[in-house]
Amino acid sequence: MLIAVPAETEQNEGRVAATPETVKKFLGLGAEVVVQSGAGLRSGVTDADYTEAGARIAATPGETLSGADVVLKVRRPSASELPLIKRGALVIAVLDPYGDEAAVKSWADAGISAFSMEFMPRITRAQVMDVLSSQANLAGYRAVIDAAAEYGRALPMMMTAAGTVPAARAFIMGAGVAGLQAIATARRLGAVVSATDVRPAAKEQVASLGAKFIAVEDEEFKAAETAGGYAKQMSAEYQAKQAELTASHISKQDIVITTALIPGRPAPKLITAAMVASMRPGSVIVDLAVERGGNVEGAVPGEVVVTANGVKIVGHLNVPGRLAATASSLYAKNLYAFAETLIDKASKALAVNWDDELVKATALTRDGAIVHPAFLPKA
Ligand code: NAD
């Protein structure tokens with residue numbers, strides 16, 4: 001069984017899908033691992049580190065992918081990589097297939113079994129494989145670090161001989177995995193923190209981190225959580241009430257971090273241009289949802305926008321990738337934990353149980369066909 005780890009091809013992707021630690025574990029399962037030269041460099045892992053762990057280094061994508069039974073990636077295979085992967089191989093990555101039916105079809109046509117890690121069900125057994133959580137947690141942390149770096153003032157209250165510096169006020173919108181880590185990080189840096197969400201379960205979690213919870217707590221709020229633990233799309237009426245409540249609060253904030261997402265839909269718009277204009281010059285907004293349509297009016301993917309009234313709107317792409325080494329180490333462990341379930345320990349060969357709920361939830365294509373219900377061609 002040959003496992004290949006190509007270098008990521010996207011410009012701003014510094015993560016890698018395997019670390020020396022997971023390479024060793026795969027070898028322990030009887031696999032052979034080949035890593036493309038330089039694949040780990042932007043995560044601080046050298047070819048020598050992989051060699052020491054027992055991997056073979058290949059010079060090119062073609063050499064890396066040649067004959068591989070399993071391909072581990074962070075992002076989906078590029079157009080140039082796909083033809084290099086043998087038919088029947090398993091490709092495990094964050095495939096980001098929503099809205100791109102053509103890509104899903106291309107994976108089926110290439111005969112690969114494509115597994116999308118972000119579809120992993122959020123059940124106890126799969127927690128160790130949850131890439132959304134491992135990466136969102138780091139994004140929430142990094143968002144605060146990025147905000148602090150852009151903010152021209154100190155975050156904690158300081159009493160000095162030259163005078164007192166007031167604590168910064170930080171407001172976190174969306175208290176899921178990223179938001180809760182942002183709350184904790186902002187608190188550790190000394191900010192006075194408040195947060196909002198549309199799910200009632202978030203209220204207690206926000207309070208337990210020592211932040212103030214602000215939300216419209218009506219009947220719709222009480223029913224806003226899906227069975228899967230995600231937020232529902234809220235009605236226009238709710239969103240109007242939410243905007244009214246948060247508008248005056250936002251005007252008093254120094255740092256706002258938005259993390260609000262709804263699975264399979266564009267991110268909800270939470271901050272209007274008028275709200276941005278109400279903030280003090282020098283305030284910072286970080287929009288972690290910018291790649292999914294953005295929570296903030298005026299946020300530009302990949303840019304730090306400075307508005308006419310001097311508010312900075314930070315729209316960094318791939319925020320977990322801004323902590324590439326940590327992100328890779330957790331992502332690689334998530335991938336290993338899943339891949340391990342696809343390998344038979346006794347025969348040391350691939351043995352995918354296509355009836356396993358984790359496989360069913362993540363497999364998009366198999367044997368030349370699309371198999372995931374969300375992407376089946378419409379009759
Ligand atoms: P997410 O990334 O889909 O969304 C981020 C947050 O935005 C969510 O908390 C959501 O409620 C919030 N949001 C959506 N619309 C909003 C709006 N209009 N205004 C304000 N906030 C809005 O969510 P996530 O971080 O993946 O977490 C979702 C839930 O899943 C959480 O309760 C989390 O604790 C839970 N979870 C469970 C497991 C597990 O059981 N294995 C693992 C990870 C997360």
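Strand β9, helix α6 and strand β10 form a right-handed β-α-β unit, where right-handed means that, with the strands pointing away from the viewer, the path from the first strand over the helix to the second runs clockwise. The model is predicted, so local features need pLDDT of at least 70 and side-chain atom pairs count only at pLDDT 80 or more, while totals for chains, interfaces and linings use all residues. Residues are numbered from 1 along each chain as its sequence is written. Helices (H or I, at least four residues) and strands (E, at least two) are DSSP runs, numbered from the N terminus.

Within this unit, β9 (residues 169-173) and β10 (residues 192-196) run parallel and are joined by five bridges; strands are taken to pair if DSSP finds at least two bridges between them. One of the bridges links F171 to S194 in β10. β9 also pairs in the parallel sense with β12 (residues 255-258), here over four bridges, and A170 stands opposite I255 of β12. Four of the five residues of β9 are buried, so the strand is largely enclosed by the rest of the structure. A residue is called buried if 20 or more other C-beta atoms lie within 10 Å of its own, exposed if 12 or fewer, and partly exposed in between, with C-beta atoms placed from the backbone.

The helix of the unit, α6 (177-188), also takes part in the ligand shell: α6, α5 (131-150) and α7 (201-208) each supply at least two of its residues. The ligand is surrounded by 30 residues, the closest being G174, G176, G229, A231 and A260; a residue counts as near if its C-beta atom, placed from the backbone, lies within 6 Å. By class, the shell holds 18 nonpolar, eight polar and four charged residues. Here Ala, Val, Leu, Ile, Met, Phe, Trp, Tyr, Cys and Pro count as nonpolar, Asp, Glu, Lys and Arg as charged, and the others, Gly among them, as polar.

Turning to helix α11 (residues 324-340), 12 of its 17 residues are buried, among them L330, Y331, L335 and F338. These buried residues of α11 pack against α1 (20-28), β4 (70-75), β5 (90-94), α5, β16 (343-344) and α12 (357-362).

Finally, L350 lies in strand β17 (residues 349-350). L350 is partly exposed because 18 other C-beta atoms lie within 10 Å. Leaving aside residues up to four places away in sequence, L350 touches M1, D69, L342 and I343, contact meaning C-beta atoms, placed from the backbone, within 7 Å.

Terms used:
Contact = placed C-beta atoms within 7 Å.
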